[in-house]
Amino acid sequence: MDRISILARGAALAVFAPLCVPAQAATGNVFNPKISLILSGQYAHYSNDAEAEMPGVVLGPETEFKTSGFSLGESELVMESNIDDRFHGWATVAFENEGGETVVAVEEAYINTLSLPYGLAVKLGRFYSDVGYQNHQHPHAWEFADAPLVYRTFLANQLGDDGAQVRWLAPTDVFLEFGTELLRGDGFPAGGDQRDGIEAWTAFTHIGGDVGSGGSWRVGLWHFDGNAVDRRSGEDVETGFTGDSRIDGIDLVYKWAPDGNPLVRNLVLQAEAMRRSEKGTVVYDPDGSGDTSAYDGDQFGWYVQGVYQFMPRWRVGLRYDRLSASNSVANPVADTSLALLADDASTPQRYSAMVDFSNSEFSRFRIQYNRDESRPDGEDADNQFIVQYIVSMGAHPAHQF
Amino acid sequence: MMKTISGAFAAVLLLLTQPAAAQLKVFACEAEWAALASALGGDNVDVYAATTALQDVHKIQPRPSLIAKYRKADLLVCTGAELELGWLPQLIEKGNNAQLNPGAPGNFEASRYVTMLEIPAKIDRAQGDVHPYGNPHIQTDPRNIGKVAKPLADKLAELDPAHAADYARRYQDFNTRWTAAVDKWTAAAAPLKGVPVISGHKAWAYLYDWLGIREVATLEAKPGIPPSGAHLQELLGGLKTQPAKMIVYAAYQDHKPIEWMAEHSGLPTAELPFSPGGAKGTDNDLFATFDVTVQRLLDAAKQSPQS
């Protein structure tokens, strides 16, 4: 048999088909949840080995840079299924590398309604909040290997918590939805002790539509209100915060492809801005020296990024990040996080560029460069290189817009 | 911010207080079902096509405008067989419209009414983007459109009983014209029987089954994975022993590999609409779509070098 017909026969077994396919063959497992496994890993290099601290803020837990050298990235096991005709369930278990140790964490585990009337939907359990644009995306779906600085500093990369969400979709031609989340208050920038009620809440609205045959957009406005009681920073020497933390945010995304067909070329532009106000007490090294200060701060952060697919499989992306702060710290003890928090004169910023290659919908390889100028003044700019792979196996669920 | 929100609320209230339109709102996942629903529903239906023939229906963004349309629809008409797996589940989750849930009266899957081809014996992603329920591109055979028309007309009548007689009458009319047209196309396409072709994608199983066309190769080595230069070279070499008469591809596909192959092999190409709107004059018109499809195949066969 000649080569072409062998190829044709091979192709005949397979079928031109969609993004994601459940791996359920005609065996007895058709009612099993759809399961997918995301594997990722990276090699990272940093020109500056100094601790990844930032002036004008107290960083939350798990906000250090990716481990230098080879390391396992965020690998996730996702299971989802309809529970019955009225409920759907979803769980994401993540395997992460934290300071050389592998940690297993339940990132999301929620049920959501499928058949409430009047355009209402309710979600219960642990979930990523629908505030902001990037917040609901799992790290494997991010356009860059790391979170924007404003996400890293204000939300410890991503706001996830236990609670309930109610969402109402208006019956309008323009996309318009309103939602609110009542949360346990474990997710940064809330957190700490005495989580015995609704210690945090959010409200958000999204508006969106199309521009011509190839463009679509969404704008979001949101608010977060959280209560922290001895919230710890997660560094080697911890800093505790007790008080209120509030964030107002706006997010914009615009996607374009010729005739709405992203096959060959497409563009994704996104930008988000957040203002966070915190008021309360900070304690440096609460288990040791216990230096305490009153703290009343305002921080502002934003990023803008664009990712362009210029030919099938290949994309390039650019991102710019910036932060500023205006903090009043009554007792800025030198050489502690209190002094770092009081340092609101500098403006942390970062330039990022990336190229990625996707062999199929299920595998992606990325090279990213960051020029990171987010450390306190006097520190050298950090030239960061990250080489990353992300693959997806099994019935990977569709991604949100 | 408060001003924006209160303005938005006012707009919503205004819309809510307007009387609901009497027309049945149909959300069609693909242009062929939009055209069929329009033909069967006439003025009684308000049809929205979620995708166009210039888009790859596997790779649609579940964008805000689609969610808004989904929310307001009374009937969802899709191919099914997991063709829309990359985006429809997101519309179901975000669109908050229980009427359209799978299994609910407002959910209509066309692929349930036809015989599926190419159901794979083995499911492994090493084979590319395989599809466990068979090839979902059922609309490329007009006989399948005919098979879907009756249950779709019945569905419209079920959801809008006040106009049941209209739907029955329109179906009779459509079916008469369609049956005649299929006979005409089949007769006209007789010279295509047994003709060997190269396809851009594995998208034409039903068309080839209908006309007896023989697919000897696809430009994609594996479905859903863009063709590499090496694979194209290999195909070109293989043409010497396994000749083909033309290259068949859909309007929405990447034209570059097709142009490369046409140039190097000297084979004529047939760009087919794939769905209504995929060629000039075929917007929302199933009859014109197949007129163009058959004509372009015949034209390409005529240009084909004699072997």
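Predicted model: local features only at pLDDT ≥ 70, side-chain atom pairs only at ≥ 80, totals over all residues.
Colleague: What are the ground rules for the numbering and for the model?

Modeller: Residues are numbered from 1 along each chain as its sequence is written, and chains are lettered from A and ligands numbered from 1 in the order in which they are written.

Colleague: What makes B:Gln253 buried or exposed?

Modeller: Buried means under 20% relative accessible area, exposed means over 50%, and partly exposed is in between, with a 1.4 Å probe and protein chains only. B:Gln253 has a relative accessible area of 5%, so it is buried. This residue is found in the loop between β7 (246-250) and α9 (255-265) of chain B.

Colleague: Which residues does B:Gln253 touch?

Modeller: Contact means heavy atoms within 4.5 Å. Not counting residues up to four places away in sequence, B:Gln253 touches A:Leu263, B:Gly200, B:His201 and B:Ile258.

Colleague: Why is helix α4 of chain B described as largely enclosed?

Modeller: A helix here is a DSSP run of H or I of at least four residues, a strand is a run of E of at least two, and both are numbered from the N terminus. Helix α4(B) covers residues 88-95, and seven of its eight residues are buried, so the rest of the structure largely encloses it. The buried ones are B:Leu88, B:Gln90, B:Leu91, B:Ile92, B:Glu93, B:Lys94 and B:Gly95.

Colleague: What covers those buried residues?

Modeller: From chain A, the cover includes β4 (87-98), β5 (101-113) and β7 (160-169). From chain B, it includes β1 (24-28), α3 (64-72) and β3 (75-78). Just after the helix, B:Asn96 takes a positive phi of about 45°.

Colleague: What makes a space a cavity, and how many are there?

Modeller: On a 1 Å grid over the protein atoms alone, a cavity is a set of points where a 1.4 Å probe fits but cannot get out, and lining residues have an atom within 4 Å of a point. Grid points are joined across faces, edges and corners, and a volume is the space filled by probe spheres set on the points. By this rule there are 10 cavities of 30 Å³ or more.

Colleague: How does the lining of the largest cavity divide by residue type?

Modeller: Ala, Val, Leu, Ile, Met, Phe, Trp, Tyr, Cys and Pro count as nonpolar, Asp, Glu, Lys and Arg as charged, and the others, Gly among them, as polar. On that basis the lining has seven nonpolar, eight polar and five charged residues.

Colleague: What is the volume of the second largest cavity, and which residues line it?

Modeller: Its volume is about 100 Å³. The lining residues include A:Asp130, A:Arg218 and A:Gln400 from chain A, with B:Pro64, B:Ile67 and B:Lys94 from chain B. This lining divides into four nonpolar, two polar and four charged residues.

Colleague: Why are β6 and β8 of chain B called edge strands?

Modeller: Two strands pair if DSSP finds at least two bridges between them. Four strands form an open, parallel sheet in the order β6-β5-β7-β8 (chain B). β6 (214-218) and β8 (269-272) each have a single partner strand, so one side of each is left without a neighbour in the sheet.

Colleague: How do you know that β7(B) and β8(B) pair?

Modeller: DSSP needs at least two bridges, and these strands have four, in the parallel sense. In one of them, B:Ala250 has B:Leu272 of β8(B) as its bridge partner.

Colleague: How is strand β1 (residues 34-46) of chain A paired?

Modeller: Five bridges join β1(A) to β3(A), and the two run antiparallel. Another 11 bridges join β1(A) to strand β18 (residues 382-394), also antiparallel. Strand β2 (residues 69-72) of chain A pairs with β1(A) over four bridges in the antiparallel sense.

Terms used:
Heavy atoms only, no water. 1 Å grid on protein atoms, 1.4 Å probe; cavity = no way out; pocket = protein on both sides within 12 Å on 5 of 7 lines; lining within 4 Å.
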